[in-house]
Amino acid sequence: MFSDEGYTTLFRIRRMPVRLHWSFPLGMLMVGGWNFVPGIWLAYFLLVAAHELGHGMLARRYGCVVISLDVHGFGGLCSYAGHPTAYQSSVIAWGGVLAQGALGLLTLGAIAVLGSPTTDFGADMLHIFTRVKLLLALINLIPLNGLDGGLGLFADFQFAL
């Protein structure tokens, strides 16, 4: 079921494989306070997958080949091959946060149309799509190498030189 790297391919989006790591359930148990909380699990998966899809779509726009969009228990990774310019690398790095922003707007639109959730499942999903999403976006924007903020900032800095 899982490859040597610990991933299994769930599906493909525009020929980009979306893979799940064996650590996902462990990470979700930790996030859910060691309880099975399906709303949190699903929303976290969708949040990370959307973030990595944002990277993947922009990587493809710049001629790169997306190898995989990976979701694991503590985040995700978009793996691609190619030679984007420093500017293009910066845009690709910002793609994940932009995708999270779009998901946030969709969430606010759904609340405006449908109102607040009336079930625990819906409330858990709303919690992930609002508060947790914002926290993860802020952490991801820290200008440290390895985070999107660092990749975007460092690529912008190289481009400016």
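Modeller: Gladly. Let us begin at the hairpin of β1 and β2, which has two residues between the strands and in which Arg14 takes a positive phi near 50°. This is a predicted model, in which local features need pLDDT of at least 70 and side-chain atom pairs count only at pLDDT 80 or more, while totals for chains, interfaces and linings use all residues. Residues are numbered from 1 along each chain as its sequence is written, and side-chain values use heavy atoms, with hydrogens and water left out.

Biologist: What makes β1 and β2 a pair of strands?

Modeller: Strands are DSSP runs of E with at least two residues, helices are runs of H or I with at least four, and both are numbered from the N terminus. Two strands pair if DSSP finds at least two bridges between them. Strand β1 (residues 7–13) and β2 have six bridges, in the antiparallel sense, so they meet the rule for a pair. Arg12, for example, stands opposite Pro17 in β2.

Biologist: Why is Arg15 called exposed?

Modeller: Exposed means over 50% relative accessible area, buried means under 20%, and partly exposed lies in between (1.4 Å probe, protein chains only). Arg15 has 66% relative accessibility, so the residue counts as exposed. Arg15 lies in the loop between β1 and β2, and its phi is near 70°, a positive value in a residue other than glycine.

Biologist: Where is Trp34 found, and why is Trp34 called exposed?

Modeller: Trp34 is found in the loop between α1 (23–31) and α2 (38–61). Its relative accessible area is 56%, so Trp34 is exposed. Phi of Trp34 is also positive, near 65°.

Biologist: And how do you know that β3 pairs with β2 and with β4?

Modeller: By their bridges again. Strand β2 (residues 16–21) and β3 pair in the parallel sense over three bridges. β3 and strand β4 (residues 75–81) pair in the antiparallel sense over seven bridges, and a hairpin joins them through two residues. Within that pairing, Val65 has Ala81 in β4 as its bridge partner. Strand β3 (residues 65–72) is mostly covered, with six of its eight residues buried.

Biologist: What makes Arg19 and Asp70 a salt bridge?

Modeller: A salt bridge is a side-chain nitrogen of Lys or Arg within 4 Å of a carboxyl oxygen of Asp or Glu. For Arg19 and Asp70 the N to O distance is 2.7 Å, and their side chains meet in a salt bridge. The pair links distant parts of the chain, with Arg19 in strand β2 and Asp70 in strand β3, 51 residues apart. Both Arg19 and Asp70 are buried. Salt bridges that share partners join Glu5, Arg19 and Asp70 into one network.

Biologist: How do you know that Glu5 belongs with Arg19?

Modeller: The side chains of Arg19 and Glu5 also meet in a salt bridge, at 3.1 Å, N to O. Arg19 lies in strand β2 and Glu5 in the segment before β1, so this pair ties together parts that are 14 residues apart in sequence. Glu5 has a relative accessible area of 52%, so Glu5 is exposed, whereas Arg19, at 16% relative accessibility, counts as buried.

Biologist: What makes His55 buried?

Modeller: His55 has 6% relative accessibility, so His55 counts as buried. His55 lies in helix α2. Contact means heavy atoms within 4.5 Å, and beyond its neighbours within four places in sequence, His55 is in contact with residues including Cys78, Ile92 and Asp148.

Biologist: Finally, how do you know that the chain agrees with a compact globule?

Modeller: The radius of gyration is taken over C-alpha atoms, and the globule rule is 2.2 Å times the number of residues to the power 0.38. With 161 residues, a compact globule would have a radius of gyration near 15 Å, and the chain has 16 Å, which agrees.
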